[in-house]
Amino acid sequence: SEKQEVNITFVKASGERITAKGKVGDTILDIVVNNEIDLDGYGACEGTLTCSTCHLIFPKDIYDSLPDKPTDEELDMLDLAYELTDTSRLGCQIVMTKELDGIEVRVPSTINDARA
Ligand code: FES
């Protein structure tokens with residue numbers, strides 16, 4: 001059966017906005033990879049929670065509405081991310097739902113590959 005399509009907009013530090021399509025059930029990392037979105041170094045560990053390069057900043061209301069709260073492993077990785085905020089999450093851990101269709105997320109200006 002066809003999964004429902006969702007849109008997400010990435011707002012880069014430069015102000016550039018990139019809107020991409022994915023499906024319910026995709027992680028945000030999946031959407032970046034599947035659309036070959038040019039975000040420097042994003043998703044270096046391919047979602048294995050060892051890099052923190054997939055750090056994204058969510059609007060507060062969206063952050064509060066995310067169904068899955070961060071695991072300890074995600075929080076440990078977030079601690080290593082640059083420009084950490086109170087509404088930061090790792091994009092590889094966020095699964096798109098219908099409710100998240102149309103969200104805008106901020107991409108930090110620098111990334112930290114915790115594996116380096
Ligand atoms: Fe490496 Fe998310 S892609 S922690």
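The model is predicted.

**Overall fold**

The chain contains three helices and five strands. Read from the N terminus, these elements follow the order β-β-α-β-α-α-β-β. The radius of gyration of the chain is 13 Å, close to the 13 Å that the globule rule gives for 116 residues, so the chain is as compact as a globular protein of that length. Along the principal axes, the C-alpha atoms of the chain fill a box of roughly 40 × 30 × 25 Å.

Contacts link parts of the chain that are separated in sequence. When contacts between residues at least 6 apart in sequence are taken, 62% of them join residues at least 24 apart.

**Burial and cysteines**

Of the 116 residues in the chain, 43% count as buried. Cys45 has a relative accessible area of 8% and is buried, because buried means under 20%. Cys54 also counts as buried, with a relative accessibility of 2%.

How many disulfides does a search of the whole structure find? The search finds zero disulfides. A disulfide is a covalent bond between the sulfur atoms of two cysteines.

**Pocket and cavity**

A search of the whole structure finds one cavity of 30 Å³ or more.

| Space | Volume |
|---|---|
| Largest pocket | about 190 Å³ |
| Largest cavity | about 40 Å³ |

Which residues line the largest pocket? Its lining includes Lys12 and Ala13. Asp38, Leu39, Asp40 and Tyr42 also belong to the lining of this pocket. The run Val107, Pro108, Ser109, Thr110 and Ile111 is part of the lining as well. By residue type, the lining of the largest pocket divides into six nonpolar, two polar and three charged residues.

The largest cavity is lined by Leu66, Pro67, Asp68, Gln93, Ile94 and Val95. Four residues of this lining are nonpolar, one is polar and one is charged.

Methods. Residues numbered from 1 in each chain as written. Predicted model: local features only at pLDDT ≥ 70, side-chain atom pairs only at ≥ 80, totals over all residues. Heavy atoms only, no water. 1 Å grid on protein atoms, 1.4 Å probe; cavity = no way out; pocket = protein on both sides within 12 Å on 5 of 7 lines; lining within 4 Å. Points joined across faces, edges and corners; volume = space filled by probe spheres on them. Nonpolar A, V, L, I, M, F, W, Y, C, P; charged D, E, K, R; others polar. Disulfide = S-S within 2.5 Å. Buried < 20%, exposed > 50% of the residue type's maximum accessible area, 1.4 Å probe, protein only. Helix = DSSP H or I, 4+ residues; strand = E, 2+ residues; numbered from the N terminus. Rg over C-alpha atoms; globule rule 2.2 N^0.38 Å. Contact = heavy atoms within 4.5 Å.
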